[in-house]
Amino acid sequence: MSDHADIDKTVRTYFMVFGALMVGTGATVGAYYLDVSVPVALAIGLFIASVKASLVACYFMHLIAEKRLIYWVLLLTVAFFIALMALPLLTSVIDQAGHFTSSGAPAAH
Amino acid sequence: MEIPYTVEAHPETGLNNGKIGIWLFLTSEVMLFGALFATFIMLRIGSDGEWAHMQAEAELNIPLATINTAVLIASSLTMVMAWASLVRGQLNKFRLFGWLTVGCGAIFLVIKYFEYTAKFAHDHFPSSNTYLAIYFTMTGLHALHVIGGMAWNAYFTGPGSKLFHTNRQWLTDRVEHSGLFWHFVDLVWIFLFPVFYLL
Amino acid sequence: MAEPVQASPAHEEHHHEQSFWRKFIFSTDHKVIGVQYSVTGLAFLFFGFCLMMIMRWQLAYPGEPIPLIGSLLGENRAPGGIMLPDFYNELGAMHGTIMVFLGVVPLAVGGFGNFVMPLQLGAPDMAFPRINMISYWCLFLGGVTMFASFFLPNGAAGNGWTSYSPLADIALNGQTAWLIGMIFLITSSLLGAVNFITTAVQLRAPGLTWMRLPFFCWAQIVTAFLLLLAFPPLEAAGVLQLMDRVAATSFFLPDGLVVGGEVLEVSGGGSPLLWQHLFWFLAHPEVYVLILPAMGIVAEVIANNSRKPLWGYRSMVYSLIFLGFMSFIVWAHHMFITGMGSVMSTFFQTTTMIISIPSVIILSALFISLWGGSIRYNTPMLFALGFLPMFGIGGLTGLPLGLSAADIPLHDTYYVIGHFHYVVAPGTLFALFAGVYYWFPKVTGRKMNEFLGKLHFWPSLVFMNGVFFPMMIQGLNGVSRRLADGGITYDFAGEVAGLNRMMSVSAWCLAVAQIPFIINFFMSIRNGEKAGRNPWNSTTLEWLAPSPAPHGNFDQAIEVTRGPYEYSVPGSDKDYAPQAEPAST
């Protein structure tokens, strides 16, 4: 990206992404005042946040055109991140395991 | 002695050392904040429906947080502009955008300070309930990251920018890498904001 | 903030004129840092061992004054030389913490990884020399914090090395210092891991393809990934527990907790199980952090001294990578007795059984590598050979613990202690000793004494087993671990309580058996037999550099032409073919 024409194009993209992020922020706050049910609000909020995060990662952090090695490292992290996110779910399943199964496990708290 | 591939890209990976280093560091940051988000989910699930009540009681200031979100997003823009200025070879513009980035970080922290003191004034402390506990812990840790990122950017914008005259490419890469960290901090906030204030 | 500071080339050229401080204390040379790590690690291993020897007195002779040092321990720890249970708990917790985080990891990863890996890669240094230095000094600060916590008014942390909540949340001892120390240690490991991976990816010598990499380097790379991705959750957990202790939050404190007959005044709503999950999410991979570099060292020593290529190098590498992956999804087998139900137990039992397969593959490959070799029984080889059956016992005794039906009765007994120590003490530590004897010539330019080395090995082997095997017997008889009196007040322990004295005497004899090593270590620095570049006739790249290697490592350009273990190549005029030797000769 050392070419001047290239960098001009990139800068234009940056401003467009910036605009999109601002709109996304507005949308998130707007959705809050819609007063929808909790699951719907969660879905909307997390969806907009994910879109915004992807924009930052792809354009500001240049992931849209990065080298393969970085993708591999991130893929690995995603795998372990999923294991980590399974943790609260596991714990809540554990809480209810006594109800689902016949093992009669006591609730954790 | 010179370490190979400090500035120039490795022929096989197409990357220099710093780029790999910062991304590896960011993966560990993902796991750090991931563990805290996992804690958040667990506390929320385990709260027996008390969560909404605790959240309402905390009365977080949504307008201030919205401004803060905008400030951080703007700082991400100035950060990439600082890098782009270096690519174009414009040292003064780089310094301008660099200091703007650091300034945005400072504004963010000042607003955060007012938010915290307002909570303390109403006797809302981390010890009050689990919602406030995880709120203060996560936003506090995030604020520490903002401070770290500001120090890092301030160094390259200030004394570190001398490198421009001897090795411009190296400075450009370093600013790109510090930018990656800065954007990551922004990215974390993009999740923290709705999760704590809105949902 | 880990800023990947690149070494400034201009600065590096002046290195030779640098002062003592820059050269030996705040050095950026990976070899000096590796030696700093190793010496720190060995010192803490010794210190942790001393803690254990004091504990063993209490176990063998409960309620009797500790001889020699009893009066020095202070009235709040051991009035009249008789150890208080609280002090026993402190010793236990700090023994575990120090041995794992300040002994084995700094020596195996920080020490050997730092010193050997760049040399084996043919690199001039680590990718980020200054980060490397910072990493060591973070470890040093962590070590100082841990050590100093013994002198706090309420003593050091005494809640087990696992620091389970809610006890660790509300304990009055030095748990806060423990957490701060851990945050330093975690930072150090993270910085180190970033550096190791970047170095391995970027700085391999020309021609050194991934499948030509020595097994030790592979072990270090997988270890670095484990440290990088598993440590942050513990850092998060540490921050949360710190908040619990300092800011009175309730992350790990449930509702209605009663302490000393009174309801604790906290908001509640937290979960003690969360700590266990976050802790073991790190601590199970951590077990592999302890064992993988050891396997790497043993593989190097065995290939070199059996004068044969490693059997099944590729399958060993793939097993290693698979092991790294699997180690992230077995953590809850440490938590069967938390009552997590049969569904979860089944999942974690299955993954635990699966993870034993790659370990068995690696161990079998090492055994088969010996077959038909012309084995040289020098000291490093003896320790490597000792590692094989000892780690085998450690690994196989772990299988019953991976099955919840067997784990539930065994979990809180000495069986677990016996199993774990077989893996780490005669397992990992023997491998580390093998490494010290093997690479000592590269560090100092002199070999260690063979006679003293054997005098170190044989008694160590006997007494290690003397310490740890009786633990299995006690455990199978149901003797609980963590008890300050060794279980003598329990009727069922009656038959096997006497074994405590045998174990304690073995432990003290084990200490005596280390004296030849200490003498050997310091004497050989000056008076050892001079070693050339390649005293062991080895193939890997570190032996191409001068001994000791200068700053920048190599005095010649390196072009790797072959795999790492080309020993006894048919038709060759000598029995080893160094990796960088041109293929035509």
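Predicted model: local features only at pLDDT ≥ 70, side-chain atom pairs only at ≥ 80, totals over all residues.
1. Overall make-up of chain C. Chain C holds 18 helices and two strands. Its radius of gyration is 24 Å, close to the 25 Å that the globule rule gives for 585 residues, so chain C is as compact as a globular protein of that length. Along the principal axes, the C-alpha trace of chain C spans about 80 × 55 × 50 Å.

2. Burial and contacts in chain C. Of the 585 residues in this chain, 58% count as buried. Among contacts in chain C with a separation of 6 or more, 79% are between residues 24 or more positions apart.

3. A helix pair in chain C. Two packed helices are described by the angle between their axes and the distance between the axes. For α8(C) and helix α9 (residues 272-306) of chain C, the axes come within 8 Å and cross at roughly 160°. Angles over 145 degrees count as roughly antiparallel, and α8(C) and α9(C) are therefore roughly antiparallel to each other. The crossing of these two helices is left-handed. By class, the residues of the contact between α8(C) and α9(C) are 26 nonpolar, four polar and two charged.

4. C:Ala425. This residue is found in helix α14 of chain C, which covers residues 414-444. Is C:Ala425 buried or exposed? C:Ala425 has 20 C-beta neighbours inside 10 Å and so counts as buried; the cut-off for buried is 20 or more. Apart from neighbours within four places in sequence, C:Ala425 is in contact with C:Met464 and C:Phe468. For a sense of distance, C:Ala425 and C:Gly260 are 165 residues apart in sequence and 38 Å apart in space, C-alpha to C-alpha.

5. Cis peptide bonds in chain C. The peptide bond from C:Ser165 to C:Pro166 is cis, and its omega is near 0°. C:Pro166 is in the loop between α5 (129-148) and α6 (167-170) of chain C. The peptide bond from C:Ser547 to C:Pro548 is also cis, with omega near -10°. C:Pro548 is placed in the segment after α18 (515-527) of chain C.

6. Positive phi at C:Ala248. Phi of C:Ala248 is near 60°, which is a positive value in a residue other than glycine. Where is C:Ala248 in chain C? C:Ala248 lies in the loop between α8 (215-246) and β1 (258-259). With 17 C-beta neighbours inside 10 Å, C:Ala248 counts as partly exposed.

7. Positive phi at C:Arg482. Here phi is near 70°, again a positive value in a residue other than glycine. C:Arg482 belongs to the loop between α15 (450-476) and α16 (494-497) of chain C. C:Arg482 counts as exposed because it has 12 C-beta neighbours inside 10 Å, and the class takes residues with 12 or fewer.

8. Chain A against chain B. The contact joins 39 residues of chain A to 37 residues of chain B. On the side of chain A that touches chain B, the elements giving two or more residues are α1 (4-32), α2 (38-60) and α3 (68-100) of chain A. Which of these elements gives the largest share? The largest share of that side comes from α3(A), with 13 residues. By class, the side of chain A that touches chain B has 27 nonpolar, ten polar and two charged residues.

9. Chain B against chain C. This contact takes 37 residues from chain B and 43 residues from chain C. On the side of chain B that touches chain C, α1 (17-45) and α5 (130-157) of chain B each supply at least two residues. The largest share of that side, 16 residues, comes from α1(B). The side of chain B that touches chain C divides into 18 nonpolar, 18 polar and one charged residues.

10. B:Ala133. This residue lies in helix α5 of chain B. B:Ala133 has 27 C-beta neighbours inside 10 Å and therefore counts as buried. Which residues is B:Ala133 in contact with, leaving aside its neighbours within four places in sequence? They are B:Pro126, C:Met243, C:Thr249, C:Ser250 and C:Phe251. B:Ala133 and B:Ala143 are ten residues apart in sequence and 15 Å apart in space, C-alpha to C-alpha.

Methods:
Residues numbered from 1 in each chain as written. Chains lettered and ligands numbered in written order. Helix = DSSP H or I, 4+ residues; strand = E, 2+ residues; numbered from the N terminus. Contact = placed C-beta atoms within 7 Å. Nonpolar A, V, L, I, M, F, W, Y, C, P; charged D, E, K, R; others polar. Axes fitted to C-alpha atoms, helices over the stretch in contact; angles between N-to-C directions. Parallel < 35°, antiparallel > 145°, perpendicular 65-115°, else oblique. Left-handed = near helix turned anticlockwise from the far one by under 90°. Rg over C-alpha atoms; globule rule 2.2 N^0.38 Å.
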